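Subject: Structure handover

Hello,

Please find the structure below. My notes on it follow.

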Amino acid sequence: MLLIPCPYCGMERPELEFRNGGEAHISRPLDPSAVSDADWAEYLYFRSNPKGVMAERWRHVSGCGRFFNVLRDTVSDKFLAVYRAGEPRPPIGAEGSSA
Amino acid sequence: MPDAAVALRSPLERLALPAGDRFALAETPPAARFVFRGGEAARAACSAAFGAELPARLGLGGERERRAALWLGPDEWLLIAEGADSASLGAEIEAALVSAPHSLVDVSHRQIGLLVSGPVAARALSAGCPLDLHLSAFPVGMATRTIFDKAEIALWRRGATAFHVEVWRSFAPYLVAALAEAARGAPEG
């Protein structure tokens, strides 16, 4: 089973306690009515879906209940970094150093 | 608010709970339960009013006499006060917290406590709970919210071979049956 380090619990916890929350760092336009339809659709529906390192939101739903962000390699399913919600995305390439 | 005119009935009253030295299940005594949420100031004030320290981090649960505060999240705790009246205890805590933003929710009737004990207790729990329950990873006193199969539980280790499990009422018969079945085939140690 995948072990996910929760930044709020400070320990590795089994995957079953978590829910994936989709791509991270997507911010809602501050003034939606001023945004063009194309940009609004981009915000609502389009995700990067990369092959490789991806920033994702996860929620420790059956644990501390908190949302946090991770950098996960979508090829190897390896968690490269975890960080609290609101913190900036750490530089990529720090494999295994901040997990 | 719980209705005082409605008698509290155990969801386990018609079930035969396993008993014996090897593995035993028992319902914990009636208790007032709250879910408390708040910041650092509220945590300190609630610790004083409740009588048991609300732990600041995951790990040790705060326990004093018959009151326990379990860490659920960075700003969330489960308060268990055995034998206490939830209405008066709730009012007491609220009175001490007038100046601190917080949320105090009475969940006394939402869940029950189950004492799982015996040499195969950890093994039986491991049948459904994915946490590492070895003493080195989950020491005595540690408490956390987790899952048992599909049921969300709060797991609190009271001793090397004893666990306190908080489970929602409607999941309790299922949990009892699953644990009893798991214990039947579990090797000791």
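**Sheet in chain A**

Strand E4 (residues 53-59) and strand E5 (residues 67-73) of chain A run antiparallel and are joined by seven bridges. Strands (E, at least two residues) and helices (H or I, at least four) are DSSP runs numbered from the N terminus, and two strands pair if DSSP finds at least two bridges between them. Within this pair, A:Glu56 stands opposite A:Val70 in E5(A).

Both strands belong to an open sheet of four strands in chain A, ordered E3-E4-E5-E6, with antiparallel pairing. Its edge strands, E3 (19-23) and E6 (79-84) of chain A, each pair on one side only.

**Contact between the chains**

Twelve residues of chain B are in contact with twelve residues of chain A; contact means that the C-beta atoms, placed from the backbone, lie within 7 Å. On the chain B side, strand E5 (67-73) and strand E9 (142-148) each supply at least two residues. E9(B) gives the most, with four residues.

**Model and confidence**

This is a predicted model, in which local features need pLDDT of at least 70 and side-chain atom pairs count only at pLDDT 80 or more, while totals for chains, interfaces and linings use all residues. Residues are numbered from 1 along each chain as its sequence is written, and chains are lettered from A and ligands numbered from 1 in the order in which they are written. The model scores ipTM 0.85 and pTM 0.88. For chain B, the mean pLDDT (the predictor's confidence in each residue, from 0 to 100) is 92, and 96% of residues reach 70 or more.

Regards

Notes: Contact = placed C-beta atoms within 7 Å.
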